[in-house]
Amino acid sequence: MSAYAPAAEPLLARPQASGGRIPVLLVESGRTYGGTEKVVSELARRMDRARFQPWVVIPKAVALDRMAEDLRAHGVPVERLDEVRNRFQWALFARTFAFLRRHRRGVLHVHHVWPAADRYVVPLAQLAGVGSVIVTEHLVGYAHSTGQKWLKRRELARADQVVCVSRAVASMLERDYAFDVERGKVIENGVDAVGLDRGQPRAAAERARLREQLAVPADAFVWAFVGRLEPQKGVDVLLDAFARAHGPASAGSPVRPARLWIAGDGSERPGLEARARSLGVADLVHFAGAVLDASPFYWGADGFALLSRWEGLPLALLEAQAAALPVVAAAAGGIPEAVMDGTTGLLVPREDPLAAATALLRVEDDAELARRLGYEAERQAREEWSWERMVSAYEVLYERAWRRAGGGNP
């Protein structure tokens, strides 16, 4: 495998479309509200409405109802269509085909929550006559069968443009699907660094409110996790690490008390709550459930921990850094592209709760280290990531794909 991966997409001048607005169909199939869903939502809301008409296609999952309501309130049409998961779902095939046929003159932008997701959408779109297809890969992962791998290679070969959210994702496509990464682009996820600034009055008020509401001792160090409660995110490893540092069996006496806030929901929540009880830290861990706005948790916390098993470029990590939180993270997928060990956070090996516990205590016990890591992380977020940069890069791709489909110059 070559060591090459495409450079991140720079902020480009937005080309001016001629004629009417370009329809853009944003499709993704996640069933919980997480980073990919937020990227899709921000992209739909922020693209230039004078030049583009966004449509968002998401599943009928209850967890996405608030996302759908919010998009519609911002004037974005939303279609609720579940993912076609196998070739025997004829009725769903027909509904998806009919929708794509009605919108065949638009640009289809598929956001894959994992590599084998939505594997039938692009073939159906091409059958329906959709002329422009852009695919964004959000996660490092694997296909589950030879058939899925064949469909993936076919999709990658036929897409007008393949986008990866990190170089790690691009390398995965090259390794597992023989994708020519020179055909791809890296467009990193965005973040609202100004909105997450913990120096604003709202941040201080939310911090005080949340810590009072959750009865956090004044001298406690609070760790936050934001994300889906699924095996990928390694929350079980985080609980083990936190228990090693602060549970009944922890070695020595920590300098200060600590708490762990877990904001998010998913299939693993009941098991994780049971694990916290078995580790003797249930009184120190708060499961907040799904949240549409995680800002209060970033502001209320003193550090952010993410011990994922695999990743693309996690949005919650970028948000935590924009909120000036010191980060302890596993060196998985694209995380090392965002966390410079010892500078903008601390990296630990995957599946290593002992190393993670050591890093958690190191940050808790060294106020100057915590301050420096948070400062450098915030500076990086402001300089390198923004929603404006991400949206601008995608708008350039929409314009080019639209022109190619219409026979014009890219």
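Okay, let's start with a helix pair: α1 and helix α15 (residues 387–406) pack with their axes 10 Å apart, at an angle of about 75°. Axes here are lines fitted to C-alpha atoms, for helices over the stretch in contact, and angles run from 0 to 180 degrees between N-to-C directions. Roughly parallel is under 35 degrees, roughly antiparallel over 145, roughly perpendicular 65 to 115, and the rest is oblique. So α1 and α15 count as roughly perpendicular to each other. On the α1 side the contact uses K38, V39, E42, L43 and R46, and α15 brings W387, E388, M390, V391, Y394 and Y398; contact means heavy atoms within 4.5 Å. By class that's 7 nonpolar, no polar and 4 charged residues. For the classes, Ala, Val, Leu, Ile, Met, Phe, Trp, Tyr, Cys and Pro count as nonpolar, Asp, Glu, Lys and Arg as charged, and the others, Gly among them, as polar.

Quick word on the source. This is a predicted model, where local features need pLDDT of at least 70 and side-chain atom pairs count only at pLDDT 80 or more, while totals for chains, interfaces and linings use all residues. Residues are numbered from 1 along each chain as its sequence is written, and side-chain values use heavy atoms, with hydrogens and water left out.

Back to α1. Its axis also comes within 10 Å of that of helix α2 (residues 65–73), crossing at roughly 10°, so α1 and α2 are roughly parallel to each other. E37, V40, S41, A44 and R45 of α1 meet M67, D70 and L71 of α2. That contact has 4 nonpolar, 1 polar and 3 charged residues. Helices (H or I, at least four residues) and strands (E, at least two) are DSSP runs, by the way, numbered from the N terminus.

Now, what does H111 touch? Leaving aside residues up to four places away in sequence, the list is L26, V27, E28, T36, V40, L43, D118, T136 and H138. H111 sits in strand β4 (residues 107–112) and is buried, with a relative accessible area of 0%. Buried means under 20% relative accessible area, exposed over 50%, partly exposed in between, using a 1.4 Å probe and protein chains only.

Strand β1 (residues 22–27) is mostly covered too, with 5 of its 6 residues buried. β1 pairs with strand β2 (residues 52–58) in the parallel sense over 6 bridges, and V24 has P54 as its bridge partner in β2. Two strands pair if DSSP finds at least two bridges between them.

Next, the open sheet: 6 strands, in the order β10-β9-β8-β11-β12-β13, with parallel pairing. β10 (285–289) and β13 (346–348) are the edge strands, each pairing on one side only. Neighbouring strands are turned by 20° against each other on average, direction ignored. Inside the sheet, β8 (residues 221–226) and β11 (residues 303–306) pair over 2 bridges, and A224 has F304 as its partner in β11.

F304 comes up again in the largest nonpolar core, which has 101 residues: L100, L108, W223, I262, Y298 and F304 touch the most other members. Such a core is a set of buried Ala, Val, Leu, Ile, Met, Phe, Trp, Tyr and Cys residues joined through side-chain atoms within 4.5 Å.

Last one: how many residues of helix α11 (residues 315–322) are buried? It's 8 of the 8, so α11 is largely enclosed by the rest of the structure. After α11 comes A324, with a positive phi near 65°.
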